[in-house]
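Trainee: I am new to this structure. Please take one part and look at it closely with me.

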Amino acid sequence: MTETLLARHIAEVGLIDQHVHGCWLAAGDRRRFENALNEANTDPVADAGFDSQLGFAVRAHCGPVLGLAKHADPQAYWEHRGQFGETELARAFLPAAGVTDWLVDTGIDGDIASVAEVAEFSGNRAHEIVRLEQVAEQAAQAPGDYARAFEEILHRRAATAVGTKSILAYRGGFDGDLSEPSPGEVAEAAGRWRDAGGTRLRDRVLLRFGLHQALRLRKPLQFHVGFGDRDCDLHKANPLLLLDFLRLCSAAPTPTPIVLLHCYPYEREAGYLAQAFDNVFVDGGLSVNYLGARAPAFLARLLEMAPFGKLLYSSDGFGPAELHFLGAALWRNGIHRVLRGFVDDGDWCESDAIRVVDLIAHGNAARVYDLDGGRR
Amino acid sequence: MTETLLARHIAEVGLIDQHVHGCWLAAGDRRRFENALNEANTDPVADAGFDSQLGFAVRAHCGPVLGLAKHADPQAYWEHRGQFGETELARAFLPAAGVTDWLVDTGIDGDIASVAEVAEFSGNRAHEIVRLEQVAEQAAQAPGDYARAFEEILHRRAATAVGTKSILAYRGGFDGDLSEPSPGEVAEAAGRWRDAGGTRLRDRVLLRFGLHQALRLRKPLQFHVGFGDRDCDLHKANPLLLLDFLRLCSAAPTPTPIVLLHCYPYEREAGYLAQAFDNVFVDGGLSVNYLGARAPAFLARLLEMAPFGKLLYSSDGFGPAELHFLGAALWRNGIHRVLRGFVDDGDWCESDAIRVVDLIAHGNAARVYDLDGGRR
Amino acid sequence: MTETLLARHIAEVGLIDQHVHGCWLAAGDRRRFENALNEANTDPVADAGFDSQLGFAVRAHCGPVLGLAKHADPQAYWEHRGQFGETELARAFLPAAGVTDWLVDTGIDGDIASVAEVAEFSGNRAHEIVRLEQVAEQAAQAPGDYARAFEEILHRRAATAVGTKSILAYRGGFDGDLSEPSPGEVAEAAGRWRDAGGTRLRDRVLLRFGLHQALRLRKPLQFHVGFGDRDCDLHKANPLLLLDFLRLCSAAPTPTPIVLLHCYPYEREAGYLAQAFDNVFVDGGLSVNYLGARAPAFLARLLEMAPFGKLLYSSDGFGPAELHFLGAALWRNGIHRVLRGFVDDGDWCESDAIRVVDLIAHGNAARVYDLDGGRR
């Protein structure tokens, strides 16, 4: 039966989660948990995290992994979850995601799993993504010339990493000049910043410097785009504001891959950029978890202008191990809903749908991050 | 049968229409009626109002309330409607909306029903929303110090009102500084404006002054956002341009609730803000009527990032009493279509869907406007 | 049976393709073909054109016109297509589109079919649309006063044309002043531009001059809006940035029709403008081909705020004759999917749906371009 073929393939396909963080290691209270279900609000959000698409999705999809009925109420979910330690939860949820490779952005501090622990809990591979603003903050504290320190730290850390990540969206946004600054400008800006303490980089010159250093590595450079917490001016995280930067990158003899993460509500703009530039890739990331029952509509919008060789998968899981699993569960559900529709309407054939699933699930990521591609 | 339960609940649930205007009191010609079916155009739109989603929705949903067949043609609808006086129409359509409380923005002049008349025609409660720019225009005509006059009028009118409303979107848009101006700046701007006649406030200083006076009342402050007539620069009514203002409001010890109205085509951005700020609420308002058969798609987009405790209902009805009813009819239809889909797909359970219906229909509004909440 | 009635009507209705270019005349390689399936990228896109919604749609809908099975694989499609000459392909695909009138924008140079050849290949009527920037470039090369040369060329060419077209989106975007420049400003700008070679017009003064000359013709003026290649800053092709220009145009005693083409991802904003201004019309154009299986979702968004008398059809076909046919095939499929849904949900009646199909397919275009309207 044709329906079964696509559905089964999607249920079983191995994923590369190309942007994720560590899960919690130690127990916390319900407030911590509910706050972890709200991305945008930076204030404490007491007792409301469950009343959202994400909260409903946790109850629908994560409960059964722990032996609860689907849609168990928030109190029951919270109590049941509390019977396990956080690392036990990780050992339940991470393997259940069906992820073969986790690409872990290590740029967020806190009591969370390391790259090695993500590998261990999941029983699969994990690789590092180096956050550029963290490298900058390390270089600010290092002795000697800033630029040299940045390059040294970046090259050392990137040697074992598969890519880099920028949170420029949170540090002033995409609007404005993103060309490479001169060494003199960098030295001057670094001096100013070090004098001011050298923390939480927001200096535009140094942010630009970091991006261009990352481009030279030729490893994929990820950008946080769109949806995130309210420290970001969402309209300044519109990926179209990266156009001049992307024109510049794409003019290099061997352009560095640029990966646009999350993208909500600019996923259609991001898809356009993936069509416009050979080296631009797009991933709904975080948005899929947050959209819950609306994730299929979002995934469908991602499948508009982006060529199928340019789409990637990630969960952006951070904190509760539920999110590392839920991203995968919602992606499988959503992509099935959307592609099943294309096939049922006669617009696609099933074998094409299966091939596109493979591309988004792992094929594109294996190629762009050069993850022992031969095996796949 | 589970389908029946959710469907019946939605059909019967009492609504709080949290943003509405008066309906017409006196008869008018067909041109007036058709123009009332086009929001954006400020020119006369002869004989074309029916050829739109709203026009089709009037024929589909309002005709039967008057005893006409569904989809009766425009001429038949117009003739049949003409057999009733406007207040007779109001006595038919307003009760049919199933609205328990109308929150009436009294800021539009004209021969339309007062708050008391809305209550009388509907057989239910009505409350006032005070429009800030109208208060400013009253203060401009009052003797003595402008700021004192504004405060005095605002406090007097707000004493019996449940909230305030700003049409900043029509008076220059959201872009730019929205901090509180100094008393000196206010006095100077007020002098200039009064010298120029003191009508149709567009002075930025005085608009900002009004917003901050309203915040002090601690009653919800509504903003016209997005879709409206072409006097508004739609792209300057993007709610993301309110980010700095919202950051400022949310830093208060007891933040004043901010309600984003209409929001099309920025409903996803508005939903994001509702997630990002504890005190931000979102309502599709006017857009639901204008989208007709596409209202379900719009309501689904509102149900993306906004927590379910942050969504409200309104019709923004003004003029033809049809609109006061149609908003409710389209909302019921649309929310059923969307939530039924979530339940059928296994993403939500029906009892959650019913609870979310109650929140949006009346629970959230009763709480935020403090409408004898105990009763509900 | 009611389903059959709407479906049959849509399958058979004659279309006016109100914005199209010539198809290829001479054979080319696979690289040329695949590049023609990517609009946004200006670099060569080797072997990836098929892996997109457009590529899948070509295989699904165009293959059968040539006697291939639906969804034949790319290699099979390419080989089969190669058995025909380009003009043979045109003689197969153009008549299959069911288009009665082609409005051909002749502003792109290259070895492509002329207006007369489009008529000949299709067996139907073709009319010219004059591109303003091409007129400007011709005037730059003409002797004597620039303004006079522009007017002379425009009037001569427009005498037999049905409208004009601007690619301002590609020449700086919509942001900024679009009022009419003075004769002195025009003369000065023209002098500068001629001195610099007089090619690829980007001078703002001269672009503005051209628009206002076109408005005086009273023939519809088309604007490229939104989606196109990456030379365009997509966010500066947001049609809301035309608001001041549209206010100005609409204030004329007999406003010139303005047609917004393509519009992705701003189709909802464009629909709003069609509601806001009597003389604004909207057309999804190019976007329909590129969205393939997602075209119904796009067409549904166009059917939100735009009055039904303001929507038009075009394919924007250029190059492969497939695109001239595919636009029509996808529009028929998509409009059926959307309107069938409205009817099945009870929001529209079928006779209304059929009437709206006629308006979008040809009625609106016949009226606005004055194409022997009596016949229809």
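Mentor: Start with a term. A crossing of two helices is right-handed if the near helix is turned clockwise from the far one by less than a right angle, and left-handed if it is turned anticlockwise. Keep in mind that this is a predicted model.

Now take the helix pair in chain A. Two packed helices are described by the angle between their axes and the distance between the axes. Helix α15(A) covers residues 321-344, and helix α16(A) covers residues 350-368. Their axes come within 10 Å. They cross at roughly 150 degrees. Angles over 145 degrees count as roughly antiparallel, so α15(A) and α16(A) are roughly antiparallel to each other. The crossing of α15(A) and α16(A) is right-handed.

Which residues of the two helices meet? From α15(A) come W331(A), I335(A), L339(A), R340(A) and V343(A). From α16(A) come E350(A), A353(A), V357(A), I360(A) and A361(A).

Next, go to V338(A). In sequence, V338(A) and F298(A) are 40 residues apart. In space, their C-alpha atoms are 9.8 Å apart. F298(A) sits in helix α14(A), residues 295-302. Is F298(A) buried or exposed? Its relative accessible area is 0%. Buried means under 20%, so F298(A) is buried. What does F298(A) touch, once residues up to four places away in sequence are set aside? The list is H262(A), Y264(A), E267(A), G284(A), S287(A), V288(A) and L291(A).

Another buried residue of chain A is R157(A), with a relative accessible area of 13%. R157(A) belongs to helix α8(A), residues 146-158. Set aside its neighbours within four places in sequence, and R157(A) is in contact with T106(A), E128(A), V130(A), Q134(A), V135(A) and Q138(A).

For a further helix, turn to chain B. Helix α10(B) has 14 residues, 204-217. At 1.5 Å a residue, α10(B) should span 20 Å. Its end C-alpha atoms are 21 Å apart, which agrees. How many of its residues are buried? The count is 12 of the 14, so α10(B) is largely enclosed by the rest of the structure. Among the buried ones are R208(B), F209(B), H212(B) and Q213(B).

D203(B) caps the N-terminal end. There, a side-chain oxygen of D203(B) lies 3.0 Å from the backbone nitrogen of V205(B). Just after the helix, R218(B) takes a positive phi of about 70 degrees.

Note on methods. Residues are numbered from 1 along each chain as its sequence is written. Chains are lettered from A and ligands numbered from 1 in the order in which they are written. This is a predicted model: local features need pLDDT of at least 70, side-chain atom pairs count only at pLDDT 80 or more; totals for chains, interfaces and linings use all residues. Side-chain values use heavy atoms; hydrogens and water are left out. Helices (H or I, at least four residues) and strands (E, at least two) are DSSP runs, numbered from the N terminus. The expected span of a helix is 1.5 Å times one less than its number of residues. Buried means under 20% relative accessible area, exposed over 50%, partly exposed in between (1.4 Å probe, protein chains only). A polar contact is a pair of N or O atoms within 3.5 Å; within protein, one must be able to donate a hydrogen and the other to accept it, and residues adjacent in sequence count only if both atoms are side-chain atoms. Axes are lines fitted to C-alpha atoms, for helices over the stretch in contact, and angles run from 0 to 180 degrees between N-to-C directions. Angles under 35 degrees count as roughly parallel, over 145 as roughly antiparallel, 65 to 115 as roughly perpendicular and the rest as oblique. Contact means heavy atoms within 4.5 Å.
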